[in-house]
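Here's a quick briefing to read alongside the model. Have a look at the sequence and structure first, then work through the notes below.

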Amino acid sequence: MRKIVFFIGLLASVLTLSAQENDQHDYLVLNRQHEEILMFDYLSRHADIDIVNITSQPLHVLPPEVGCAFLDTLRNLPFVVRSYIYFPKNLKQNKKYPLIVMPHGGVHGNVCTYWMHLIRELVAQGYIVTMPEYRGSIGYGQGYYEAIDYGGLENEDVLAVRNYMVDNYSIVDSARVGIIGWSHGGMISLMNILRYPDSYACAFAGVPVSDVAYRLSYLTPDYADNFTPSYHVGATPAEAPEEYARRSPVNYAQLLRKPLKIATCVNDNDVSWTEVNRMIEALKREKKDFEYTIYPWMPGSHQFQLIDNPESGELRLEVYTYLARYLHPAHPFRNIKELRAAGYLYY
């Protein structure tokens with residue numbers, strides 16, 4: 001039945017796109033809706049899935065003057081954040097379970113089927129998982145897209161989702177909350193564990209963006225175009241160095257006081273290992289206790305821990321073993337066979 005609904009939706013989307021082929025945001029909304037259908041199809045055997053909308057901090061910039069007293073009184077309304085929740089099957093209402101907060105990556109990204117094997121692996125171990133669609137995520141229209149606040153209030157969005165889970169579900173153990181992510185999601189994991197340590201038991205940051213100004217110095221100019229629009233930073237690092245410093249985890253290293261693990265590889269073709277190493281060295285200078293691994297040349301480069309070959313599964317097993325030390329899931333993986341069977345159904 002789900003497949004019939006999906007293909008009907010796909011046909012309707014094609015017809016809609018033919019009439020609106022120049023509207024990027026309409027396309028992104030439709031694409032996200034299709035991904036959502038696929039996610040429910042892929043995961044319904046493994047998890048009970050919910051979608052919630054909660055409030056976070058207001059927009060980081062005020063809208064332009066509209067000359068309307070009524071609308072002017074509505075400035076600074078809380079921003080509404082969407083989040084997916086994945087509950088392992090057959091939870092008991094009178095028990096407590098660990099929670100994984102997993103922000104997605106991408107300057108403008110979203111929750112999609114790319115994450116499905118990881119979600120299967122996590123819920124199989126007994127974790128409740130939530131994936132926030134923080135401001136700037138795609139597939140929710142132009143307003144959501146242009147609310148982007150990279151390194152800024154997106155971190156409060158993720159924290160708000162964490163707090164919602166703890167405050168509204170008695171089955172969530174507030175003492176066993178971890179945050180994990182890769183790339184931009186790794187950056188958000190760093191910022192949350194550094195700035196809000198009382199909210200998390202531990203964090204994992206894979207190939208994390210760590211120093212935004214340095215990042216823009218080695219990437220192509222079109223990447224910097226994500227930051228200079230008036231609805232975002234509105235300036236280059238040379239024009240606003242303090243603003244870029246405020247958005248960079250490397251400048252908060254002195255705040256670390258909870259367990260943290262960082263991983264990167266020397267052939268990362270997106271977030272250079274030299275950028276991640278700036279974070280590692282900053283933590284060392286502050287004499288912080290943390291774990292890190294700089295892997296050699298790895299298949300998949302930026303995605304080396306997330307692709308679907310068994311070698312990447314072994315690397316994720318290392319991450320899960322680290323998380324289990326602090327979050328104590330009911331069914332931690334003992335070997336790669338258990339991981340493969342959970343994530344891929346067979347091994």
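A disulfide here is a pair of cysteine sulfur atoms within 2.5 Å. By that rule, the structure holds zero of them. Bear in mind that this is a predicted model, where local features need pLDDT of at least 70, side-chain atom pairs count only at pLDDT 80 or more, and totals for chains, interfaces and linings use all residues. Residues are numbered from 1 along each chain as its sequence is written, and side-chain values use heavy atoms, with hydrogens and water left out.

**The overall picture**
- Of its 347 residues, 54% count as buried, meaning under 20% relative accessible area, with exposed being over 50% and partly exposed in between (1.4 Å probe, protein chains only).
- Take the contacts (heavy atoms within 4.5 Å) with a separation of 6 or more: 75% of them come from residues 24 or more positions apart.

- Cys 202 is buried, at a relative accessible area of 0%.
- Cys 265 is buried as well, with a relative accessible area of 0%.

**Thr 130 in its strand**
- Thr 130 sits in strand β4, which covers residues 128–133.
- Its relative accessible area is 0%, so Thr 130 counts as buried.
- The Thr 130 side chain reaches the backbone oxygen of Tyr 84 at 3.0 Å.
- Setting aside neighbours within four places in sequence, Thr 130 is in contact with residues including Ser 83, Ile 85, Leu 99, Val 101 and Met 165.

**Helix α2 and its partners**
- Helix α2 (residues 24–43) and helix α4 (residues 116–124) have axes that come within 11 Å and cross at roughly 35°; axes are lines fitted to C-alpha atoms, for helices over the stretch in contact, and angles run from 0 to 180 degrees between N-to-C directions.
- Where do the two helices meet? Met 39, Tyr 42 and Leu 43 in α2 meet Met 116, Ile 119 and Arg 120 in α4.
- His 25 also belongs to helix α2, and His 25 is buried, with a relative accessible area of 14%.
- Not counting residues up to four places away in sequence, His 25 touches Gly 141, Gln 142 and Tyr 145.

Conventions: Helices (H or I, at least four residues) and strands (E, at least two) are DSSP runs, numbered from the N terminus. A polar contact is a pair of N or O atoms within 3.5 Å; within protein, one must be able to donate a hydrogen and the other to accept it, and residues adjacent in sequence count only if both atoms are side-chain atoms.
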